[in-house]
Structure formats: structure tokens, C-alpha cells
Amino acid sequence: VLSVADLTVGEPILLISLPQLSARVAAHPQVRNVRVERILPDRLVIHISEREPAAIWQSQGVQHFIDREGVVLKEEWFSAHAAAQHYPVITGREAPKHMEEFWKIS
């Protein structure tokens, strides 16, 4: 989060654009939601929720973890504990695009 926030220690807190900061953090593929708040006189708080694996997508012999929205996740983004859980396996080239429908029927 700190690297994508692109903040400098000592930067005047009132000159930091909260919408721009929020957009930079939200652009990281691991971030699902972000909310930034300024607490005067000297604090910024960045609240994030991370994407979490919800299913395994199998396509052309390769397996990927995807979240509930169908976003492909990198394995290093979540703990070994999460990787050891049992997830539904979905197949097909366009399967991640249909995750909302999948969750409605499962």
C-alpha cells in the first residue's frame, strides 16, 4: 500500500489530494475497496479490503485463483492457509466473467 500510495514523509497533509491518493491505491490489483481519511493535524488513514480467493479457474490446463468478481489473483497475495482451503473449480475460457451468476446458483 505504501509503495502505490506514493507519499513522502513530511509532505504537508493538506496538499495531499484524497481522491488521487484513493485512486492510486485502488489501482493495485490486490485492492478490492479503499477509503482514505485525513485526521488533522498529522494523520492519513487508508482503509482497504483485499481481494480474497473464492474459486479456482481452470483454463487450458492452467489453474488460477479468482475472487468472487472473477479477478485473477496472484498466489503470493494470500496466505498458505488460504491456498490450502477447498475452493470450487470452474472451467472455460470466459468463466471468470460469469462469477456473479455462479454465486447466485451455488
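This is a predicted model: local features need pLDDT of at least 70, side-chain atom pairs count only at pLDDT 80 or more; totals for chains, interfaces and linings use all residues.

**Entry 1: charged pairs**

I started with charges and found Arg-32, Arg-51, Asp-67 and Glu-69 linked in a network of salt bridges. By salt bridge I mean a side-chain nitrogen of Lys or Arg within 4 Å of a carboxyl oxygen of Asp or Glu. Residues are numbered from 1 along each chain as its sequence is written, and side-chain values use heavy atoms, with hydrogens and water left out.

My search of the whole structure gave seven salt bridges. I zoomed in on Asp-67 and Arg-51, whose closest N and O atoms are 2.5 Å apart. Asp-67 sits in the loop between E4 and E5 and Arg-51 in the loop between E2 and E3, so this pair ties together parts that are 16 residues apart in sequence. My element names are DSSP runs numbered from the N terminus: helices are H or I with at least four residues, strands are E with at least two.

Are Asp-67 and Arg-51 buried or exposed? Both are buried. For this I used relative accessible area: buried is under 20%, exposed is over 50%, and partly exposed is in between (1.4 Å probe, protein chains only).

Next I checked Glu-37 with Arg-35, a salt bridge whose closest N and O atoms are 3.6 Å apart. Glu-37 counts as partly exposed at 26% relative accessibility, and Arg-35 is partly exposed at 46%.

I also looked at Lys-104 with Glu-100, where the closest N and O atoms of the salt bridge are 3.7 Å apart. The two are four residues apart in helix H4 (residues 99–105), which means about one helical turn separates them. Lys-104 counts as exposed at 65% relative accessibility, and Glu-100 counts as exposed at 58%.

**Entry 2: around Asn-33**

I placed Asn-33 in strand E1. Asn-33 is partly exposed, with a relative accessible area of 44%. What does Asn-33 touch, not counting residues up to four places away in sequence? I got His-47, Ile-48 and Ser-49, taking contact as heavy atoms within 4.5 Å. I also checked Asn-33 against Arg-51: they are 18 residues apart along the chain, and their C-alpha atoms are separated by 8.6 Å.

**Entry 3: the sheet**

I traced an open sheet of four strands, in the order E5-E4-E3-E6, with mixed pairing. Two strands count as paired if DSSP finds at least two bridges between them. Strand E5 (72–73) and strand E6 (89–91) are at the edges with a single partner strand each, so one side of each has no neighbour in the sheet. E4 and E5 pair in the antiparallel sense over two bridges. Phe-65 is opposite Leu-73 in E5.

**Entry 4: nonpolar cores**

Which residues make up the largest nonpolar core? I listed seven: Ala-5, Ile-16, Leu-18, Leu-21, Val-25, Val-31 and Val-36. A core here is a set of buried Ala, Val, Leu, Ile, Met, Phe, Trp, Tyr and Cys residues joined through side-chain atoms within 4.5 Å. H2 and E1 are the elements that give two or more residues to this core, and H2 has the largest share, three residues.

Leaving aside neighbours within four places in sequence, Ile-16 is in contact with Leu-7, Glu-11, Leu-21, Arg-38 and Leu-44. A second, separate core has six residues, among them Trp-57, Ile-90, Ala-95 and Met-99.

Most residues other than glycine have a negative phi, and most peptide bonds are trans. I therefore flagged the exceptions.

- Asp-6 is not a glycine, yet has a positive phi of about 55 degrees. I found Asp-6 in the loop between helix H1 (2–5) and helix H2 (18–26), and at 55% relative accessibility Asp-6 counts as exposed.
- Gln-60 also has a positive phi, near 55 degrees. Gln-60 is in the loop between strand E3 (55–59) and strand E4 (62–66) and counts as exposed at 77% relative accessibility.
- Leu-40 and Pro-41 are joined by a cis peptide bond, with omega about 20 degrees. Pro-41 is in the loop between strand E1 (31–39) and strand E2 (43–50).
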